[in-house]
Amino acid sequence: MTSHPHPAQDATITTRTAQGCEDSSLCGLHPTALAEHSSRRSFLQMTVRGTVAGLTAAAAVEFVAPRPALAQSTLSPDAALQELLDGNKRFTAGRLTACEHDLDVLKQHTIEKQEPFAAVLSCADSRVPVELVFDQSIGHIFVARIAGNIATSEIIASLEYGAGVLGTKVILVMGHGGCGAVKSTIQAKSVPGQISALYPHIRPAVDQAGPNLEAATKANAKIQAALLRQASTVISGLVKENKLKVAAAHYDIGTGTVSLLE
Ligand SMILES: [Zn+2]
């Protein structure tokens, strides 16, 4: 049973999957255990079972004591960042709570509007499932994903929308271990199609940090975060008013841990 307050969840009609969650879905599964699942088939079967369990439990909505209201509008940027880090702690501890949220209720509550408390700029890499890593569900985080987690014009536009219109309180730029986009940029390999269009965005990090993959990946996350703070008048304005925080982080794909870089 969870007790942590959740920003985007209604304080009075919290629902949970009393039986199904812990034993038959991704909940409670340690990240390393997840990694050990050798076949895609078994992973999908687990996910489907979890969904069915969630739907079954949805039929029996459980009313629980109201938790402290933590509406997005009341969160400070630091509190929003902490909420992400707390979610990551639950993920690494194998104590996920997002799957205890009633997805039907969350969907109903977000049909008219969304109020994500945080935005995450992450790599497209399949080993970085952002909502799962931060133990979040529908309507909670605004996620922009692109190989190399680079701040292109379109990505900046998306994050400006998240912060300026939807009111996200933090933007976390998250690089990760074993990033193929950074590795390719270091190697400057000839690649098919338009893949090399990523290189110019990542090159400054490689120039700064050298050919070490982890160092370049961390430098890249910091550079993209700095770019967001400087290149966007919307974001820089909100940062100056202390309404928004932009931070850089690194995700360890082996341990599941997110570490702040600044
Ligand atoms: Zn990557």
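I started with strand S3 (residues 170-176) and S4, which pair in the parallel sense over seven bridges. Two strands count as paired if DSSP finds at least two bridges between them. Strands (E, at least two residues) and helices (H or I, at least four) are DSSP runs, numbered from the N terminus. I picked out Val173, which stands opposite Ala248 in S4.

Before going on, I noted that this is a predicted model: local features need pLDDT of at least 70, side-chain atom pairs count only at pLDDT 80 or more, and totals for chains, interfaces and linings use all residues. Residues are numbered from 1 along each chain as its sequence is written, and side-chain values use heavy atoms, with hydrogens and water left out.

Next I followed S4 to strand S5 (residues 258-260). Three bridges join S4 and S5, and these two run antiparallel. His250 has Ser259 in S5 as its bridge partner. The hairpin of S4 and S5 has six residues between the strands, and there Gly256 takes a positive phi near 85°.

Is S4 (residues 245-251) mostly covered or mostly open? Mostly covered: six of its seven residues are buried. Buried means under 20% relative accessible area, exposed over 50%, and partly exposed in between (1.4 Å probe, protein chains only).

Then I looked at the whole sheet. Five strands form an open sheet in the order S2-S1-S3-S4-S5, with mixed pairing. S2 and S5 stand at the edges with a single partner strand each, so one side of each has no neighbour in the sheet. On average, neighbouring strands are turned by 30° against each other, direction ignored.

What packs on the sheet? Helix H4 (residues 77-92) does, touching strand S1 (118-122), S2, S3, S4 and S5. The direction of H4 makes about 40° with that of S3. Helix H10 (residues 213-231) packs on the sheet too, touching S1, S3 and S4, and its direction makes about 165° with that of S4. Contact means heavy atoms within 4.5 Å. Axes are lines fitted to C-alpha atoms, for helices over the stretch in contact, and angles run from 0 to 180 degrees between N-to-C directions.

Last, I checked the rings. The structure holds one aromatic pair. Phe142 and Tyr161 form this tilted pair, 6.3 Å centre to centre with 45° between the planes. Phe142 lies in strand S2 (residues 141-145) and Tyr161 in helix H7 (residues 153-166), so the pair ties together parts 19 residues apart in sequence. Rings of Phe, Tyr and Trp (its six-membered ring) pair if their centres lie within 6.5 Å; planes under 30 degrees apart count as stacked, over 60 as edge-to-face and the rest as tilted. Phe142 is buried at 15% relative accessible area, while Tyr161 is partly exposed at 41%.
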